Amino acid sequence: MLSARKNKKIGEILVEANVITEQQLQDALYRQKESGGRLGKNLTELGYLQEDEIIPYIAEQHRIPF
């Protein structure tokens, strides 16, 4: 539900939606810590998601239409 996700981070939203696993999130966060970049970019570069799979969740997080 949108209102429940309003203050959540994108990684948390993706795990709760079963789009990625907790381990995949941790891998991407580690990569982000080591190399920088945005979480979504790291998830796609690691091969866990395609960009078009993340966009609807980012739109939902920011409460903008997709």
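## Accessibility of Thr21

A residue is called buried when its relative accessible area is under 20%, exposed when it is over 50%, and partly exposed in between. In this predicted model, Thr21 has a relative accessible area of 42% and is therefore partly exposed.

Thr21 belongs to the loop between α2 and α3. Its C-alpha atom is separated by 17 Å from that of Glu51, a residue 30 places away along the chain.

## Residues with positive phi

Asn18 is likewise found in the loop between α2 (10–16) and α3 (22–35). Its phi is near 60°, a positive value in a residue other than glycine. With a relative accessible area of 69%, Asn18 is exposed.

A positive phi also occurs at Arg63, a residue other than glycine, where the angle is near 55°. Arg63 is located in the segment after α5 (51–61). Its relative accessibility is 53%, so Arg63 counts as exposed.

## The nonpolar core

The largest nonpolar core consists of 10 residues: Ile10, Leu14, Val15, Ile20, Leu25, Ala28, Leu39, Leu43, Leu49 and Ile54. At least two residues of this core are supplied by each of α2, α3 and α4. The largest share, 3 residues, comes from α2.

Leu39 is one of the core residues. When residues up to four places away in sequence are not counted, Leu39 touches Ile10, Gly11, Leu25, Ala28, Leu29 and Gln32. Among these contacts, Ile10, Leu25 and Ala28 are themselves listed in the core.

## The largest pocket

The largest pocket holds about 280 Å³ of space. Its lining is made up of 14 residues, and those that lie nearest its centre are Ile10, Arg38, Leu39, Gly40 and Ile58. Two or more lining residues are given by each of α4 (39–45) and α5. The largest share of the lining, 5 residues, is contributed by α5.

In terms of residue type, the lining of the largest pocket divides into 5 nonpolar, 6 polar and 3 charged residues. Ile10 and Leu39, which lie among the residues nearest the centre of the pocket, also belong to the largest nonpolar core. Ile10 and Leu39 are in contact with one another as well.

Terms used: Residues are numbered from 1 along each chain as its sequence is written. This is a predicted model: local features need pLDDT of at least 70, side-chain atom pairs count only at pLDDT 80 or more; totals for chains, interfaces and linings use all residues. Side-chain values use heavy atoms; hydrogens and water are left out. Helices (H or I, at least four residues) and strands (E, at least two) are DSSP runs, numbered from the N terminus. Buried means under 20% relative accessible area, exposed over 50%, partly exposed in between (1.4 Å probe, protein chains only). On a 1 Å grid over the protein atoms alone, a cavity is a set of points where a 1.4 Å probe fits but cannot get out, and a pocket is an open set with protein on both sides within 12 Å along at least five of seven lines; lining residues have an atom within 4 Å of a point. Grid points are joined across faces, edges and corners, and a volume is the space filled by probe spheres set on the points. Ala, Val, Leu, Ile, Met, Phe, Trp, Tyr, Cys and Pro count as nonpolar, Asp, Glu, Lys and Arg as charged, and the others, Gly among them, as polar. A nonpolar core is a set of buried Ala, Val, Leu, Ile, Met, Phe, Trp, Tyr and Cys residues joined through side-chain atoms within 4.5 Å. Contact means heavy atoms within 4.5 Å.
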